[in-house]
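Reader: Hey, could you walk me through this one? I'd like to start with pockets and then get to the fold.

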Amino acid sequence: MSFHLVVGHGPAGAATARLLAGQGHEVRVVTRTEHPVAPVDGVEHLALDASDPAQLTPAARGAAAIHGCAAPPLPRWADDWPALAASLCAAAEDSGAVLVMLGNLYGYGPVEGPLTEGLPLAATGPKGRVRAAVWEQARALHEAGRIRAVEVRASDFFGPGVTDGGHLASRAVPALLKGRPVSVLGDPDAPHSWTYLPDVARAMAEVAAEETAWGRPWHVPTAPALPVRTMVERLAAEAGTGPVAVRRLSPATLAVAGLFSPLLRELRETRYQFDRPFVVDSTAYEAAFTVRATPLAEQLAATVAWWRERS
């Protein structure tokens with residue numbers, strides 16, 4: 001077993017740390033500030049500024065892999081991502097650890113048809129451009145032989161542990177558990193890919209140990225795309241709360257809500273993901289490695305059970 005450094009303790013970082021510790025690895029989790037968390041055997045927590053290489057680099061020495069799961073708040077992406085990305089790369093170069101970056105799909109921008117890893121990173125919005133630049137920096141250093149890097153890209157997170165940032169999380173599940181209507185962004189009947197959070201962690205752990213994975217991006221194995229209306233209906237059926245109404249938030253409502261919600265305001269750039277089909281193709285990963293998407297029925301059952309435990 002080996003030592004892994006996990007940068008960030010949001011849903012993905014926490015899930016990755018738990019999985020790695022469960023596999024018998026020594027895990028150190030880095031967060032900017034100390035905050036109370038339930039102890040997990042084999043997981044150490046360390047508070048430091050990961051965007052400062054003078055702090056992150058010593059923490060990474062001896063690591064087999066650095067899992068980059070942190071991200072600045074959406075309103076600060078353009079300002080804060082460059083320093084965080086540079087620090088992750090510096091720590092990887094100093095330690096020799098494999099840099100496993102958790103990415104998303106913003107960098108592609110709007111496309112027609114399924115999303116594959118071979119598409120150009122052609123985003124025109126500021127968040128998409130900066131997210132693409134983060135990977136391009138790591139890829140260039142990998143190709144120069146200075147670091148070993150791989151990026152794991154996921155669609156919208158779904159499942160236990162996903163709360164405020166998930167479209168099928170705190171804005172949907174608590175309401176449907178009470179049989180109440182659910183309000184959603186975009187077209188509720190457009191196919192959409194939902195990446196199950198435990199599958200993200202499994203993919204992060206797998207590619208860290210697979211040399212053939214390094215040097216390129218991979219899409220996390222993701223279940224077939226389903227519209228948000230169908231997902232809400234399936235969750236309500238699993239919960240036994242009966243059919244619930246699914247309402248599309250109007251542009252006027254979103255504009256007003258954006259005055260009070262920084263998250264909704266920042267999501268304007270990626271509204272296209274919900275106004276049209278948004279389908280992730282993960283066949284390249286599935287052809288190369290062993291992780292597969294958790295069956296949807298298991299995803300739904302675990303998600304409902306997790307939210308019920310919180311209520």
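Author: What follows goes through pockets, then the sheet, then helix packing.
Author: This is a predicted model, where local features need pLDDT of at least 70, side-chain atom pairs count only at pLDDT 80 or more, and totals for chains, interfaces and linings use all residues. Residues are numbered from 1 along each chain as its sequence is written, and side-chain values use heavy atoms, with hydrogens and water left out.

Reader: What volume does the largest pocket have?
Author: About 1,500 Å³. A pocket here is an open set of points on a 1 Å grid over the protein atoms alone, where a 1.4 Å probe fits, with protein on both sides within 12 Å along at least five of seven lines; lining residues have an atom within 4 Å of a point. Grid points are joined across faces, edges and corners, and the volume is the space filled by probe spheres set on the points.

Reader: ok, what about the second largest pocket?
Author: That one holds about 230 Å³ of space. It has 14 lining residues, with Ala15, Arg18, Pro160, Gly161 and Leu197 nearest the centre. Helix α1 gives the most to this lining, five residues.

Reader: Switching topic: in what order do the strands of the sheet run?
Author: β3-β2-β1-β4-β5-β6-β10, seven strands in an open, parallel sheet. The edge strands are β3 (43-47) and β10 (217-219). Two strands pair if DSSP finds at least two bridges between them.

Reader: How many bridges join β2 to β3?
Author: Five. In one of the bridges to β3, Thr31 has Ala47 as its partner.

Reader: Which strands does α6 lie across?
Author: β1, β4, β5 and β6 (148-153), and α6 runs at about 155° to β5. Axes are lines fitted to C-alpha atoms, for helices over the stretch in contact, and angles run from 0 to 180 degrees between N-to-C directions.

Reader: Last one: at what angle do α7 and α12 pack?
Author: About 65°, with the axes 9 Å apart. On the α7 side, the contact (heavy atoms within 4.5 Å) is made by Met231, Arg234, Leu235, Glu238 and Ala239. By class, the α7 contact with α12 has seven nonpolar, one polar and three charged residues.

Conventions:
Helix = DSSP H or I, 4+ residues; strand = E, 2+ residues; numbered from the N terminus. Nonpolar A, V, L, I, M, F, W, Y, C, P; charged D, E, K, R; others polar.
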